[in-house]
Amino acid sequence: MSRQKLVIIGAGMAAGRFLENLLEARPDAYEVTLFNAEPRGTYNRIMLSPVLSGEKSYQEIVTHDDDWYATNKVTCRFGERVASIDRDRKVVVGEKGEVAYDRLVIATGSSPFIIPLPGHDLPGVLAYRDADDTDRMIEGCKPGERAIVIGGGLLGLEAAAGLRMRGMEVTVLHLPTTLMERQLDPSAGYLLEKELSGRGLDIRAGSNTKEIYGNGKVEGVRLDDGSDIPASMVVMAVGIRPSVAVAKEAGLEVNRGIIVDGMMRTSDPSIYSVGECVEFEGNCYGLVAPLFDQARILAQSFCGDDCAAFVHTETATKLKVTGVDLFSAGDFAEGEGREEIVFRDAQRGVYKRLVLQDDRLIGAVLYGETADGAWFFQKIKEGDPISPDERETLIFGQSFAGGTPMDPMEAVAALPDDAEICGCNGVSKGSVVNAIRQRDLKDVNGVRSCTKASSSCGTCTGLVEQLLAMTLGDAFEANAVEPLCGCTDLGHSDVRRLIVAQELRSIPAVMQELGWKTSCGCAKCRPALNYYLIATWPGDYKDDSQSRFINERVHANIQKDGTYSVVPRAWGGVTNASELRAIADVVDKYEIPLVKYTGGQRIDLLGVKKDDLPGVWAELNAAGMVSGHAYAKGLRTVKTCVGTDWCRFGTQDSTGLGIKLEKLMWGSWSPAKVKLAVSGCPRNCAEATCKDIGVICVDSGYELHYAGAAGMHIQGTQVFAKVATEEEAIEYSAALLQAYREQGFYLERIYKWSARIGHDKVVAQIVDNPENRKALYERFLYSQKFSQSDPWAERATGGVAQHEFKVLEPAE
Amino acid sequence: MNSIAKIAEWTDICAVDDVPLRGARRVRLAGMEVGVFRNASGRVFAIDNQCPHKQGPLSEGIVHDTSVTCPLHSLVIDLETGKARGEDEGCVKTFEVALQSGRVLIKMEA
């Protein structure tokens, strides 16, 4: 039997899910051709916000890569638009030729709505919809300059928050007086506005844009009240409209969207439609859950399985702006016969409002505390009457239902089997638990790949973990990661993830929100948290010196007798007569007992008394020397050989490159110490092949190494890239360092980080993905803005931490 | 009764604010170095500054709850009792502390 020809127009999330469901069930039933106007396959569009903000890379959100399409024998025509559909001949006409179909699925999605304001076509006016838009926004980001986002809905606010995280000043113009007015009531909108303003967003609700102006590119926006906001980027995020042009031209029945029935059939029996382009019973859909429903139903009907028709359901909304907890579901407008229950806690910024009609819960808005969102949503969908007793404590959520507070495990245990765990993918508690039991799953990743739960926006990961714990009992505990220290049950990985996800910006906030078991941490967790915070929020987090180990607190290395050692920086291992003279003088003046060369081509002054440190530093500073950070979990030394300037074998200027790398990277904090070396030829005199990052110069360019070690553990480096130019060598090395800074566990050297996440993954991030490399590099540069001031000068003459260097004199 | 009575003497060491929260200062008293500690909740402690293990300067350690971790080998010393916590052994001398009008006073035996 010859296979039926299936053509799909559009490779968005609905089409991707449909194909996946179809091919899993009937891998060989159809010969599939997939058109996509974007030059790529399916990715998780919901996660573009974290890509924009820099919290994720594009690679991390791809759901179907080239391999997947190849394995599943899908003919991909990406980057090609469909010109028309000839229904009589049953062919789709692409820009590069026709394809015949037996069945056609239109999944053209939606396009951003651009308000035709004067100036809307100026360069620098962007939409925010797909990966290309995101790229354009990232490219157009100029930290310090202003971006204007028109539209204060879900997408607009996510765009604004992302641009802000990339260092831009951001103004949000929103026509209605409440942000996200379709999902929020005015009170929650107010709290949201306050929160976002507190993070430096300039929110102007009730603003009507008159025109975008500029000469050849965007220069600003004028409002109809006459005010004028200069800006170098304008993002329009005022809404989306179904993309129906191809369907309409083909003569299909189209209203706002393409009209479909409950089995996703259009007015032509051979043509189907799913996704944001469809209209069902007057409704169009923009959130992913109902679209995945449509995809599932269509796949089942293509397989010939019986399935229930699509029905319109309520959807719940969560805003994906890190650190803002906001949830809304159902209908929460005020109205005749509707009653509301409101809870406010201004101190904690919590607002909850439930709307009831005929003793049933019909809507909920939660701000600041959204843990009960799923539970309220379940009640809205069930539509069961709420008894007067239940009503008394309803607003306090699930923990109070039934009188006694429940711990999170009991709360999950108490959920019915059909309770929704993952809203994006419509996965119920029952499906997760069955999958864990039947397929012997042991961790969240297993659940993700088998059920899709927690694979889209990820906000239900905690629930999935609790279900694992509940189902596996001790077996799950056995899998549990090693806690960071005795103060918490969380491992390094979770702590790092949650600092970002919950936007925790201080040590007390981490301890409070992540439930630390001690009031003030310990000597293990405090330095780790201090590092994670400084690495996550550069320029924002204020270093907590009391949480640093003594060496980093006083910027010298403590010795066994309580004295300190002082190592000035020798850029690339180079010094000169005046520096050496100053060192000699300071040794004499302060009677420093030992002067020694280190293994990293620097000079170590040992036996300096603590109270003498500022004086020693002041003299070294005066001769132009700064701290060598020989004490730091951070960049230590960059060892070099003499390279082409002197060496008859040298192939490149290794000393010069070493100095450039050191000037770029000095002052950066990292999970553990970082030592570099640059050798001018493969003879490798600078011993670059046992360093954290090493460069070997060769005739054709630079061999970039990493993950070496020469301490208790001895390990040669691995090559992660070969590049032609010095600029590339610098960018690649800094990107690698930044990836390690963002992903490493505290005290984990680069070689251990690489072993843990895998060499391939390191290469994939840095080498295979130029976009991601550039983003890492940019983030490194940004973070360095705040770390490159000499800590010795700050203390010697700048007045910082004077108390450290003086013994108290009791009063008489 | 002993012929020479021991007379307790309070010594004014410094202003409370001279000691950073979750931090410490050093002071020389009666021929020994004393560490003066102030924890997160503002309580002030004074102990012999030498770790019983390898004489590390305890004032340089990280201060948490009512203890300090020695900077040399991470012994945790309880600031109230002077005793090493956990499996470790060892004890340092503690001194009575009083806070008066914003000043730290330490009771020395004269």
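**Exercise 1.** Leaving out residues up to four places away in sequence, find which residues Ile77(B) touches.

*Solution.* Start with the contact rule: C-beta atoms, placed from the backbone, must lie within 7 Å. Skip residues up to four places away, and the list for Ile77(B) is Cys51(B), Leu58(B), Ser67(B), Val68(B), Cys70(B), Gly82(B), Ala84(B) and Val92(B).

Before going on, note that this is a predicted model, where local features need pLDDT of at least 70, side-chain atom pairs count only at pLDDT 80 or more, and totals for chains, interfaces and linings use all residues. Residues are numbered from 1 along each chain as its sequence is written, with chains lettered from A and ligands numbered from 1 in the order in which they are written.

**Exercise 2.** Work out which residues touch the most other members of the largest nonpolar core, and which element gives this core its largest share.

*Solution.* First, the terms. A nonpolar core joins buried Ala, Val, Leu, Ile, Met, Phe, Trp, Tyr and Cys residues through C-beta atoms within 7 Å. Buried means 20 or more other C-beta atoms within 10 Å of a residue's own (exposed: 12 or fewer; partly exposed: in between), again with C-beta atoms placed from the backbone.

Next, the members: out of 71 residues, Tyr532(A), Val36(B), Phe37(B), Ile77(B) and Val104(B) touch the most others. Helix H19 (residues 525-536) of chain A supplies the largest share, eight residues. Helices here are DSSP runs of H or I, at least four residues, and strands are runs of E, at least two, numbered from the N terminus.

Finally, look for a second core: a separate one has 68 residues, including Tyr30(A), Tyr272(A), Val412(A) and Ala435(A).

**Exercise 3.** Describe how helices H13 (residues 429-438) and H14 (residues 444-451) of chain A cross.

*Solution.* Take the axes, which are lines fitted to C-alpha atoms over the stretch in contact, with angles from 0 to 180 degrees between N-to-C directions. The axes of H13(A) and H14(A) come within 10 Å and cross at roughly 110°. So H13(A) is roughly perpendicular to H14(A) (the range for that is 65 to 115 degrees; under 35 is roughly parallel, over 145 roughly antiparallel, the rest oblique). On the H13(A) side, the contact uses Ser431(A), Val432(A), Ala435(A) and Ile436(A); H14(A) brings Val447(A), Cys450(A) and Thr451(A).

**Exercise 4.** Say what chain B is built from and what it brings to the contact with chain A.

*Solution.* Count elements: chain B has zero helices and 10 strands. Then count the contact residues: 25 from chain B and 19 from chain A. Of the chain B side, S2(B) gives the largest share, six residues.

Key: Two residues are in contact if their C-beta atoms, placed from the backbone, lie within 7 Å.
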